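Please look over the structure shown below before reading the briefing that follows. The points are grouped by topic, so that each can be checked against the model in turn.

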Amino acid sequence: MANVSVRYIVDDVDAAIAFYTEHLGFEVAMHPAPGFAALSRGELRLLLNATGGPGGASQPMPDGRKPEPGGWNRIQLRADDLAGEVETLRAAGLRFRSDVVTGMGGKQILLEDPSGNLVELFEPAR
């Protein structure tokens, strides 16, 4: 089991699996039910739960709020050639929430998965 796990709530587990495996280099570690899958990339384990599924991760909170995809929290994946990766992902029709931003630490862009969860692609300053 990986040392770091992140859970994303998604609208469609199969669409999320395709997105992360085909475009970002994740592998399926397990997919025991339609509403859940665990993916891995290096030391990161990404848990995908469907909205409204039977698992605990998608159950309503005591105040009635329901877990949903989206927001601004995100995983960060390192890119050695950010411009090249962005070009490849745009050509594949993927959605970005931002353009490339350059800061003191490097360059980044926010990519959206099929449910609107964010993946930050980051190229450190050289």
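How many aromatic pairs does the structure hold? The structure holds two aromatic pairs, where rings of Phe, Tyr and Trp (its six-membered ring) pair if their centres lie within 6.5 Å, and planes under 30 degrees apart count as stacked, over 60 as edge-to-face and the rest as tilted. This is a predicted model, in which local features need pLDDT of at least 70 and side-chain atom pairs count only at pLDDT 80 or more, whereas totals for chains, interfaces and linings use all residues. Residues are numbered from 1 along each chain as its sequence is written, and side-chain values use heavy atoms, with hydrogens and water left out.

**Aromatic rings**

- A pair of aromatic rings is described by the distance of the centres and the angle of the planes.
- The ring centres of Phe-19 and Tyr-20 are 4.8 Å apart and their planes stand at 85°, so this pair is edge-to-face.
- Tyr-20 also pairs with Phe-26, again edge-to-face, at 5.4 Å centre to centre and with 85° between the planes.
- Through these ring pairs, Phe-19, Tyr-20 and Phe-26 are linked into a cluster.
- Phe-19 is buried at a relative accessible area of 4%, Tyr-20 is buried at 0% and Phe-26 is buried at 3%, where buried means under 20% relative accessible area, exposed over 50%, and partly exposed in between (1.4 Å probe, protein chains only).
- Elsewhere, Arg-97 lies over the face of Trp-72, at 4.4 Å from the ring centre; a charge sits over a ring if NZ of Lys or CZ of Arg is within 6 Å of the ring centre and within 35 degrees of the ring normal.

**The four-stranded sheet**

- Four strands form an open sheet of mixed pairing, in the order E1-E4-E3-E2; helices (H or I, at least four residues) and strands (E, at least two) are DSSP runs numbered from the N terminus, and two strands pair if DSSP finds at least two bridges between them.
- Strand E1 (4-10) and strand E2 (27-33) are the edge strands, each of them pairing on one side only.
- From one strand to the next, the twist averages 20°, with axes being lines fitted to C-alpha atoms, for helices over the stretch in contact, and angles running from 0 to 180 degrees between N-to-C directions.
- H1 packs on the sheet and touches E1, E2, E3 and E4, and its direction makes about 155° with that of E4; contact means heavy atoms within 4.5 Å.

**Strand pairing and hairpins**

- E2 and E3 run antiparallel and are joined by four bridges, among them those that set Met-30 against Ala-38 and Glu-27 against Ser-40.
- The hairpin that joins E2 to E3 passes through two residues.
- Strand E3 (residues 36-41) pairs with strand E4 (residues 44-50) in the antiparallel sense over six bridges, with Ala-38 opposite Leu-47 and Ala-37 opposite Leu-48.
- E3 and E4 also form a hairpin with two residues between them, and Gly-42 in the turn has a positive phi of about 60°.

**Leu-47 in its surroundings**

- Leu-47, which has its place in strand E4, counts as buried at 6% relative accessibility.
- Leu-47 and Tyr-8 are 39 residues apart in sequence, yet 6.2 Å apart in space, C-alpha to C-alpha.
- Once its neighbours within four places in sequence are left aside, the contacts of Leu-47 are Ser-5, Val-6, Arg-7, Tyr-8, Phe-36, Ala-37 and Ala-38.

**Helix H2**

- In helix H2 (residues 82-91), the buried residues are Leu-82, Val-86 and Leu-89.
- Seen down the axis of H2, these buried residues fall within an arc of 70°, so they line one face of the helix; the arc is that of the directions from the helix axis to the C-beta atoms.
- On the other side of H2, Ala-83, Glu-87, Thr-88 and Ala-91 are exposed.
- The cover over the buried residues of H2 includes helix H1 (13-24), strand E6 (95-96), strand E8 (106-112) and strand E9 (118-124).
- Gly-93, which follows H2, has a positive phi near 85°.
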